[in-house]
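Subject: Structure handover

Hello,

Here is the structure I promised to pass on. Please open it first, then read the notes below beside it.

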Amino acid sequence: MTEECRHLRATGRVQGVAFRAWTKGQAERLGLRGWVRNEDDGSVTAMVCGARKALEEMVTACWQGPGAAEVRDVQSEAAPAEPCDGFEIRR
């Protein structure tokens with residue numbers, strides 16, 4: 001399996017709705033590594049690394065988000081791998 005990494009940025013109503021915790025749960029379910037954090041501009045960004053199929057599922061899932069989220073856009077770009085174990089929520 002070749003590992004890939006993607007940098008994701010979700011915008012809309014994505015802060016204050018448990019988007020980070022939801023993202024962590026989705027990533028762990030899909031076997032992805034990386035991190036997620038809130039940004040000052042109101043977006044949520046994440047670095048996710050793993051198998052291409054799992055990454056594609058993660059991007060698709062981010063368009064939905066948790067129940068209270070109102071996702072307007074999800075940007076996904078290829079990114080260089082970052083050293084990380086598991087998946088963490090960053091502040």
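Start with A18. With a relative accessibility of 49%, A18 counts as partly exposed, because the cut-off for exposed is over 50%. A18 sits in the loop between β1 and α1. Its phi is positive, about 70°, although A18 is not a glycine. Most residues other than glycine have a negative phi. Keep in mind throughout that this is a predicted model.

**Helix α2**

Next, α2, which covers residues 52-64.

Which residues of α2 are buried? They are A54, L55, M58, V59, A61 and C62. Viewed down the axis of α2, these buried residues fall within an arc of 165°, so they line one face of the helix.

The face of α2 turned away from the buried side carries exposed residues: R52, K53, T60 and Q64. What covers the buried residues? The cover includes β1 (4-13), α1 (19-30), β3 (44-50) and β4 (70-78). Just after α2 comes G65, with a positive phi of about 70°.

One piece of that cover can be looked at by residue. Q26 has its place in helix α1. Q26 is buried, with a relative accessible area of 16%, because buried means under 20%. Leaving aside neighbours within four places in sequence, Q26 is in contact with M58 and A61. Both M58 and A61 are among the buried residues of α2.

Now go to β3. Seven of its seven residues are buried, so β3 is largely enclosed by the rest of the structure. Both faces are covered. V44, A46, V48 and G50 are buried on one side. T45, M47 and C49 are buried on the other.

Which strands pair with β3? β1 is one of them, in the antiparallel sense over seven bridges. Within β3, the bridge partner of L8 is A46, and R9 stands opposite T45. Strand β2 (residues 33-38) also pairs with β3, again in the antiparallel sense, over six bridges. Here V36 has A46 as its bridge partner in β3. The hairpin of β2 and β3 has five residues between the strands. In that hairpin, G42 takes a positive phi near 95°.

β1 has another pairing to note. β1 and β4 run antiparallel and pair over eight bridges.

Two more residues deserve a click. Q75 lies in strand β4. Q75 is partly exposed, at 36% relative accessible area. Not counting residues up to four places away in sequence, Q75 touches H7, L8 and R9. Q75 and E56 are 19 residues apart in sequence, and their C-alpha atoms are 12 Å apart in space.

D85 is in the loop between β4 and β5 (87-90). At 77% relative accessibility, D85 counts as exposed. D85 and L32 are 53 residues apart along the chain, and their C-alpha atoms are separated by 9.7 Å.

**The cavity**

The largest cavity has a volume of about 50 Å³.

Which residues line the largest cavity? They are L8, R9, A10, F19, T23, V36, V44, T45, A46 and C62. β1, α1 and β3 each supply at least two residues of this lining. A46 is the bridge partner of L8 and of V36, and A46, L8 and V36 are in the lining. C62 is there too, from the buried residues of α2.

Best wishes

How values were computed. Residues numbered from 1 in each chain as written. Predicted model: local features only at pLDDT ≥ 70, side-chain atom pairs only at ≥ 80, totals over all residues. Heavy atoms only, no water. Helix = DSSP H or I, 4+ residues; strand = E, 2+ residues; numbered from the N terminus. Expected span 1.5 Å × (residues − 1). Buried < 20%, exposed > 50% of the residue type's maximum accessible area, 1.4 Å probe, protein only. Arc of directions from axis to C-beta. Contact = heavy atoms within 4.5 Å. Pairing = 2+ DSSP bridges. 1 Å grid on protein atoms, 1.4 Å probe; cavity = no way out; pocket = protein on both sides within 12 Å on 5 of 7 lines; lining within 4 Å. Points joined across faces, edges and corners; volume = space filled by probe spheres on them.
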